[in-house]
Amino acid sequence: MPGHAEPRSAYLHVPFCAHRCGYCNFAVIAGREDLAGDYVRAIEAELASLGRPRPVETLYFGGGTPTRLPLELLERLCQVTRGWFPPEPGCEWTVEANPVDVTQDLLAVLVSCGVNRLSLGGQSFQPGKLSLLERDHDAGQIARAVDLCQEHGLECSLDLIFAAPGETLRAWRGDVDQAIATGAGHVSTYGLTFEKGAAFWSRLVGGDLAEVDEDLQREMYLAAIDGLCEAGFEHYEVSNFARPGRRSRHNQVYWSGAGWYAAGPGAARYVDGVRETNHQSTTTYLRRVLAGESPVAFREELTAEQEAREQLVFGLRRIEGVERSEFAERTGFSIDQLAAGQVDRFCELGLLEDTKDRLRLTREGLLISDALWPEFL
Ligand code: SF4
């Protein structure tokens, strides 16, 4: 693999949530805002290990729910972050937010710190589905949050979940239409998954919840693609849609194979060909960092070939696919060297399209893309 450039992006994980939603198995801690002060001190300590400031072109605060932090601590976190990751002119700085937390005061603080994009965990506009997902907002609060972003000049992205138990295609289409109607510039759609460790997993095993039929899930995904594209969105990655000029630059860093810094419980970084993940548990993370110990729980140095294979998968998740000569130049491997057999097989099955210059998923391939990736790794 040709040399690694210094990362130009950073991710901060903020683990606090009011309540752990039934479908969630992320690194979050619910109802423990009493730890927020320690958390910000720990982030300061973790970032100090960078040794010198690293200018960035994209910043992302994810969670958890960054907007659960008391305002003065969120402001402090932004200031600390700016110190270690000075934003370059034009830097995209995204903060994930819960619609109920979006107020004039919150946005005024975020804008004054340099944040210019909010990613809203909207998930749905249907009261029954929101309640099933254990979310604490309603449709009106999502629309108001998007309006407030627009008033404050912030870009806005909306996350939507489809295939909640009992959901119909018609109801899902309604969610897509309402998301479009808010005027948000970016939409991400995810099929609900039942993950071990989440309450929904036990409810599925216990027969209290049932998964939506696979064919209906496919129809829902296609309905999102068609509805959003007809409304002028570009489908640019398996799960992501943007109005022209509004793609997430931070996510594109992950998909392009460039590295990024990261801090916080459970945060994963990729720097100089090395992947590291911090301890998932917020309390373990705090204890270690505040005692001057490393928060890293997992470290893996990728071989040049592993790295190239991962970049192939991330590249194929993008709708434009992978350009063969650019991929070879960037990774030092040709696609045929890595996966000629798989490419031939998936092309024959109509899941990939090979123009010889470029390889990309077909519409059929998009529908089952997650099942293809292990074959390339
Ligand atoms: S708000 Fe998001 S991160 Fe927090 S528990 Fe719910 S799904 Fe998980």
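Predicted model: local features only at pLDDT ≥ 70, side-chain atom pairs only at ≥ 80, totals over all residues.
1. Start with two helices, H1 (residues 36-48) and H10 (residues 282-290). Their axes come within 9 Å and cross at roughly 50 degrees. H1 and H10 are therefore oblique to each other, and the crossing of H1 past H10 is left-handed.

2. Now look at the side of each helix that takes part. From H1, the residues in contact are Asp38, Tyr39, Arg41, Ala42, Ile43, Ala45 and Glu46, and they meet Tyr285, Leu286, Val289 and Leu290 of H10. By class, this contact between H1 and H10 has eight nonpolar residues, three charged ones and no polar ones.

3. Next, find the ligand. Among the residues around it are Cys17, Cys21, Cys24, His19, Arg20 and Arg135. The shell around the ligand divides into six nonpolar, three polar and two charged residues.

4. Most peptide bonds are trans. The bond from Gly63 to Gly64, however, is cis, with omega near 15 degrees. Gly64 sits in the loop between strand E4 (56-63) and helix H2 (71-84).

5. Most residues other than glycine have a negative phi. Gln123, in strand E6 (residues 117-123), has a positive phi near 70 degrees. Is Gln123 buried or exposed? Gln123 counts as buried, because its relative accessibility is 7%.

6. Glu134 also has a positive phi, near 65 degrees. Glu134 lies in the loop between helix H4 (127-132) and helix H5 (139-151). With 28% relative accessibility, Glu134 counts as partly exposed.

Terms used: Residues numbered from 1 in each chain as written. Heavy atoms only, no water. Axes fitted to C-alpha atoms, helices over the stretch in contact; angles between N-to-C directions. Helix = DSSP H or I, 4+ residues; strand = E, 2+ residues; numbered from the N terminus. Parallel < 35°, antiparallel > 145°, perpendicular 65-115°, else oblique. Left-handed = near helix turned anticlockwise from the far one by under 90°. Contact = heavy atoms within 4.5 Å. Nonpolar A, V, L, I, M, F, W, Y, C, P; charged D, E, K, R; others polar. Near = heavy atom within 4 Å. Buried < 20%, exposed > 50% of the residue type's maximum accessible area, 1.4 Å probe, protein only.
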